[in-house]
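Thanks for coming, everyone. I'll keep this brisk. Please look at the structure while I talk.

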Amino acid sequence: MSIHSNSNATVDVKSVREQVLGQTQILQNLIPPTVSYTTEGNVLVIGPEDLARLAADKLSNMGQRAILANESITSQDEAHLEKVMAAAEGVESYYNKLIEIKGFLGQFQVKVEHESGSADLSLVAIRKAHFDLILDLSQSPSINLEMLPPGYFYVGQDEAKLADAIAQLPDLIGEFDKPRYVKVNSDICAHNRNGIDGCNRCLNFCPADAISSVNKKIEIDPYLCHGAGSCTNACPTGAISYDLPTPQALHSYLHKLVTRFREQAQTAPVILFHDAANGASLVTDELAGVIIPVELEEITVASMDHWMSALAWGARQVIVLNTDATAPTLTQMLNGEQQLANDIFDEMGQPQRVSVINQNQLDELDTLVKVSASWPVIVPGEFAATTKRNTLYAAIDHLNSQAASSDSCLSKSNIPFGKVSVNTDGCTLCLSCVSTCPTQALTDGGDMPALHFVEQDCVQCGLCESACPEKVISLTPQMNFDAAARQERQTLKEEAPFDCIRCGTPFATQSMVQRMLDVVGGHSAFSANTERLKMCSDCRVKDMFEDILQDPEKQLR
């Protein structure tokens with residue numbers, strides 16, 4: 001099905017769109033980082049033995065073959081069984097129970113039950129450390145992932161899928177390169193600091209199970225990664241970023257598209273994001289001239305900062321075309337981001353300018369676009385894309401200024417925006433929270449005991465709350481529309497330093513010394529002289545030695 005337009009958009013607008021698309025390119029890395037797969041075509045066929053053997057028979061042009069029979073024969077028909085018996089002669093069948101499959105194209109590890117333990121089936125079946133490819137005819141996939149690893153073909157008992165897989169498998173012998181889609185900057189990652197667990201957003205949204213926490217750091221397996229972009233979308237700090245294109249390159253592309261179209265067509269465009277694999281075939285030249293299609297590897301590569309920026313730079317509407325092929329996890333994320341974006345629009349008094357449609361709603365596209373034509377025009381903002389968060393806030397602030405200029409706070413659970421509060425009565429300004437904050441939303445007072453906070457930099461990762469020994473920190477997720485208040489450095493607590501009673505050097509806070517007096521003042525080490533707790537470390541040692549010199553036998557009594 002194709003997107004059709006019944007609008008009265010002129011051919012000139014379509015011509016402008018084609019001209020703008022032709023003269024505007026996404027800046028790509030000329031030598032993009034890649035990963036390589038190497039295969040010899042050794043294939044494992046899994047499923048009912050009769051179907052698996054018939055399939056293996058059609059793969060005689062592959063490398064070594066083996067069969068893992070994990071289900072009962074599908075038919076007892078004599079002619080069928082005779083055909084099975086004659087098929088794939090010399091290919092061994094194994095009946096061990098499957099434990100797990102791990103890996104990817106050229107590197108599949110298949111563990112099965114063997115005697116009282118387990119064994120690698122590839123070592124037993126083909127004398128190799130791994131299988132290169134897997135063809136799975138089981139009733140249910142042996143790998144339970146929304147996005148299956150490259151080299152694993154699940155066809156079930158669908159004859160059309162089986163024929164397609166058998167046609168593709170011989171082409172997967174040799175060496176293949178794939179883009180390394182994303183990169184990780186551990187320095188600004190909020191996953192773990194000082195042994196304390198924090199943000200897990202990327203782990204929750206990867207449909208390919210390519211992300212893991214290794215030694216308290218987020219790592220992405222580039223061989224399993226499909227480039228879905230959900231991790232970069234979910235990452236609140238920008239620690240995980242897409243590389244094809246980079247976030248900055250996509251921002252620059254959107255800015256040029258919108259700006260050039262507005263200048264040449266004298267009207268605000270609608271941005272339509274779609275994926276390359278499935279959505280592209282639904283977008284034709286009959287698309288209404290005011291709609292500018294933007295093709296992405298996956299639709300979740302563009303995150304809310306891209307949506308909002310495109311609008312703030314002068315687009316009137318953003319539409320995301322979802323398809324049935326999109327992984328459920330990505331659809332869940334997409335719907336959540338759309339809801340948050342439109343809640344933000346509601347709060348600031350803007351129309352709900354972001355829509356997610358599926359391929360069954362394509363007939364409604366013209367109506368959707370016509371409705372947006374009556375919305376208030378956005379005067380383009382003059383801000384440049386920088387970091388993920390700052391760009392998002394710049395776009396939101398501009399859109400807010402074009403509407404109600406709200407200074408309220410939108411409260412919403414489980415969003416990576418909000419404030420930190422401190423119960424000052426219990427806080428000793430130990431600054432454990434500062435040392436764990438990955439974005440420097442929390443900072444110390446330098447020469448003076450103080451704790452400062454900037455709301456715009458807070459990602460609500462919870463590291464500060466977990467690190468606080470006094471348990472006096474709490475988090476409030478919210479979107480604050482008061483830009484000045486959000487960007488202001490707030491003082492959560494400050495107090496005068498405590499000066500050493502002997503040398504006068506400031507060495508702690510008033511509350512810290514009082515806490516020491518309350519907690520350890522009765523300890524035997526200090527019971528004879530609690531005044532030492534009011535001394536700096538150097539003076540405390542000097543006082544102890546002077547005491548010993550005055551009464552050498554005191555320590556023996």
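Predicted model: local features only at pLDDT ≥ 70, side-chain atom pairs only at ≥ 80, totals over all residues.

Residues are numbered from 1 along each chain as its sequence is written, and side-chain values use heavy atoms, with hydrogens and water left out.

Helices first. Two packed helices are described by the angle between their axes and the distance between the axes. Helices here are DSSP runs of H or I, at least four residues, and strands are runs of E, at least two, numbered from the N terminus. Axes are lines fitted to C-alpha atoms, for helices over the stretch in contact, and angles run from 0 to 180 degrees between N-to-C directions.

Start with α2, residues 49-57, and α3, residues 78-86. Their axes lie 9 Å apart, at an angle of about 50°. The two are therefore oblique to each other; under 35 degrees would be roughly parallel, over 145 roughly antiparallel, 65 to 115 roughly perpendicular, and the rest is oblique. The crossing of α2 past α3 is left-handed, that is, the near helix is turned anticlockwise from the far one by less than a right angle, with clockwise being right-handed. Which residues make the contact? From α2, Asp-50, Arg-53 and Leu-54; from α3, His-80, Lys-83 and Val-84. Contact means heavy atoms within 4.5 Å. By class, that is two nonpolar, one polar and three charged. For the classes, Ala, Val, Leu, Ile, Met, Phe, Trp, Tyr, Cys and Pro are nonpolar, Asp, Glu, Lys and Arg are charged, and the others, Gly among them, are polar.

Next, α10, residues 328-348, on α12, residues 388-401. The angle is about 35°, with the axes 9 Å apart. This crossing is right-handed. Ile-344, Phe-345 and Met-348 of α10 meet Ile-396, Leu-399 and Asn-400 of α12.

The crossing is left-handed. Among the contact residues are Met-304, Met-308 and Leu-311 of α9, and Leu-392, Ala-395 and Ile-396 of α12. Here the classes are eight nonpolar, three polar and two charged.

On to cavities. A cavity is a set of points, on a 1 Å grid over the protein atoms alone, where a 1.4 Å probe fits but cannot get out. Points are joined across faces, edges and corners, and a volume is the space filled by probe spheres set on them. How many cavities of 30 Å³ or more are there? Four. Lining residues have an atom within 4 Å of a point.

Last, the backbone. Most residues other than glycine have a negative phi, and most peptide bonds are trans. Leu-244 and Pro-245 are joined by a cis peptide bond, with omega about 5°. Pro-245 sits in the loop between β16 (240-242) and α8 (247-265). Asn-194 is not a glycine, yet its phi is positive, about 55°. Its loop runs between β12 (192-193) and β13 (196-197).

Technical notes: 1 Å grid on protein atoms, 1.4 Å probe; cavity = no way out; pocket = protein on both sides within 12 Å on 5 of 7 lines; lining within 4 Å.
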